[in-house]
Amino acid sequence: MIVNSLSLCYHNKLILAPMVRVGTLPMRLLALDYGADIVYCEELIDLKMLQCKRVVNEALSTVDFVAPDNRVVFRTCEREQSRVVFQMGTSDAERALAVARLVENDVAGIDVNMGCPKEYSTKGGMGAALLSDPDKIEKILSTLVKGTQRPVTCKIRVLPSLEDTLSLVKRIERTGIAAIAVHGRKREERPQHPVSCEAIKAVAETLSIPVIANGGSHDHIQGYLDIEDFRQATAASSVMVARAAMWNPSIFLKEGPRPLEEVMQKYIRYAVQYDNHYTNTKYCLCQMLREQLESPQGRLLHAAQSSQEICEAFGLGAFYEETTRELDARRAKLLARSPEEVEEPAEDTSGIIKMAVKFDRRAYSPQITPKMCLLEWCRREKLAQPVYETVQRSLDRLFCSVVTVAEQKYQSTLWDKSKKLAEQAAAIVCLRSQGLPEGRLGEEGPSLHKRKREAPDQDTGDPRAQEPAMPGELCKKRFLALASGKESPLEGW
């Protein structure tokens with residue numbers, strides 16, 4: 001996926017804004033389907049990206065940038081290559097350039113976030129924190145313009161005074177960037193505050209490069225025609241849409257928005273096809289449902305704890321099964337072709353009791369899992385707690401777990417999509433080998449003491465936890481019985 005001659009035009013464009021948790025591959029593809037000309041990924045931090053390895057994912061036909069813990073930080077595909085802009089959070093010119101060179105052959109443009117007011121971005125001197133350091137802004141942008149083959153842009157907020165804002169944007173223009181996006185609010189303002197069309201207009205009338213107007217979702221943009229009205233009110237070259245597109249990405253359609261049910265189903269299809277983590281899928285669907293979250297479908301979505309359950313909530317169960325079979329077959333074919341890529345557990349497998357089992361959450365009581373049953377049995381028998389050793393193989397990122405109980409090891413021969421599911425499968429193998437109850441519905445269960453459900457099986461509701469944070473090397477982990485706290489969602493800006 002190398003296109004060194006690519007030149008992205010920012011004149012007269014409809015643009016999907018960068019939004020944390022929202023701007024992942026399924027949403028970007030959906031926005032393109034509905035008429036967006038350019039799509040931005042969510043802000044990704046330079047230090048995190050520099051730890052990533054570029055991996056061609058043949059099973060999904062994507063390019064993945066994968067962290068040391070095997071979490072996919074950024075995923076893209078050929079379909080969007082000429083129209084996706086990579087937005088980074090940075091406060092250092094050399095780091096910014098290193099990230100740009102890492103991704104430039106897979107994206108159409110490079111953008112620096114200089115407007116996000118959230119602590120997630122500003123605490124490292126990034127985002128809106130840069131607005132108070134014009135020297136650093138100039139150095140970062142100049143370094144990127146000189147050092148990368150892609151057009152460079154930045155996204156800012158207006159400063160307390162119009163004079164200071166115009167002085168800053170003139171200095172930014174002289175770095176040679178291709179365009180500038182202006183969110184018409186000050187750093188301390190939020191969506192409920194009115195957007196300043198006048199400030200954006202003053203910037204547009206001052207600069208010769210394209211100005212992209214942003215911030216109109218709350219007051220101005222309710223439908224497609226409103227986008228053009230906002231562009232005219234700001235005299236901008238293009239318009240970047242955030243929340244209005246998050247609520248219904250079909251806002252980019254000239255014919256008018258599509259029914260929300262249709263939009264969500266299309267989004268879910270992309271999420272499954274590109275193996276999007278279910279917590280991120282769930283978060284984006286919740287943003288679309290908004291006031292309908294208390295509807296029967298909304299309650300089903302809220303209860304869903306897997307991509308399969310999300311699909312079933314929207315009548316796409318058969319699609320999920322078919323797509324999963326196709327992906328599994330593709331992965332199996334790749335594994336057969338490249339057996340050297342497969343990483344089996346770094347453990348002498350002699351003496352391990354094995355069965356081909358999987359943990360299907362729907363077959364078990366919500367309050368009782370195989371791991372809980374196994375832990376309780378060990379306590380009654382005065383045995384040491386079960387120890388789970390879990391690995392992830394690099395080719396398809398599936399997990400396998402071995403549980404040790406009373407010096408005997410147990411393992412499922414079937415690899416699973418998450419670490420916690422693999423651990424449950426290993427626990428099932430141990431319980432069945434001992435002829436013990438495992439918590440299945442209708443089964444006479446063990447006498448468990450009342451406890452909170454184990455943390456690995458709880459959905460914390462945190463959409464940032466997109467992939468299981470599991471290192472590739474062997475990891476030993478004791479069974480825990482306390483759930484972790486929640487992190488409040490970080491909205492797009």
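Over the ring of which residue does the charged end of Arg290 sit? The legends below refer to a predicted model, in which local features need pLDDT of at least 70 and side-chain atom pairs count only at pLDDT 80 or more, whereas totals for chains, interfaces and linings use all residues. Residues are numbered from 1 along each chain as its sequence is written, and side-chain values use heavy atoms, with hydrogens and water left out.

**View A. Charged groups over aromatic rings.** The charged end of Arg290 sits over the ring of Trp247, 3.8 Å from the ring centre. A charge is taken to sit over a ring if NZ of Lys or CZ of Arg is within 6 Å of the ring centre and within 35 degrees of the ring normal. Arg269 likewise lies over the face of Phe319, at 4.6 Å from the centre of that ring.

View B. The side chains of Glu389 and Lys409 meet in a salt bridge with an N to O distance of 3.5 Å, the term being used for a side-chain nitrogen of Lys or Arg within 4 Å of a carboxyl oxygen of Asp or Glu. Because Glu389 lies in strand β14 (residues 387–392) and Lys409 in strand β16 (residues 408–412), the pair ties together parts that are 20 residues apart in sequence. Strands (E, at least two residues) and helices (H or I, at least four) are DSSP runs, numbered from the N terminus. Glu389 counts as buried at 6% relative accessibility, where buried means under 20% relative accessible area, exposed over 50% and partly exposed in between, with a 1.4 Å probe and protein chains only.

View C. Lys419 forms a salt bridge with Glu423, the closest N and O atoms being 2.8 Å apart. Both residues belong to helix α16 (residues 419–434), where 4 residues, about one turn of the helix, separate them, and both Lys419 and Glu423 are buried. Glu438 and Arg432 also meet through their side chains in a salt bridge, at 2.9 Å from N to O; Glu438 is buried at 4% relative accessibility, whereas Arg432 is partly exposed at 36%. Elsewhere, salt bridges that share partners join Asp33, Arg79 and Lys266 into one network. The whole structure contains 18 salt bridges.

**View D. Aromatic pairs.** The count of aromatic pairs comes to 4, rings of Phe, Tyr and Trp (its six-membered ring) being paired if their centres lie within 6.5 Å, with planes under 30 degrees apart called stacked, over 60 edge-to-face and the rest tilted. One of them is the edge-to-face pair of Phe74 and Phe86, 5.2 Å centre to centre with 80° between the planes. Since Phe74 lies in strand β6 (residues 72–77) and Phe86 in strand β7 (residues 84–89), this pair ties together parts that are 12 residues apart in sequence. Phe74 is buried, with a relative accessible area of 2%, and Phe86 is buried at 0%. Together with Phe65, Phe74 and Phe86 form one aromatic cluster.

View E. Ala406, which is not a glycine, has a positive phi of about 55° and is found in the loop between β15 (399–405) and β16. Glu407 is found in the loop between β15 and β16, and its phi, near 70°, is positive in a residue other than glycine. Ala406 counts as exposed at 56% relative accessibility, and Glu407 is exposed with a relative accessible area of 80%.
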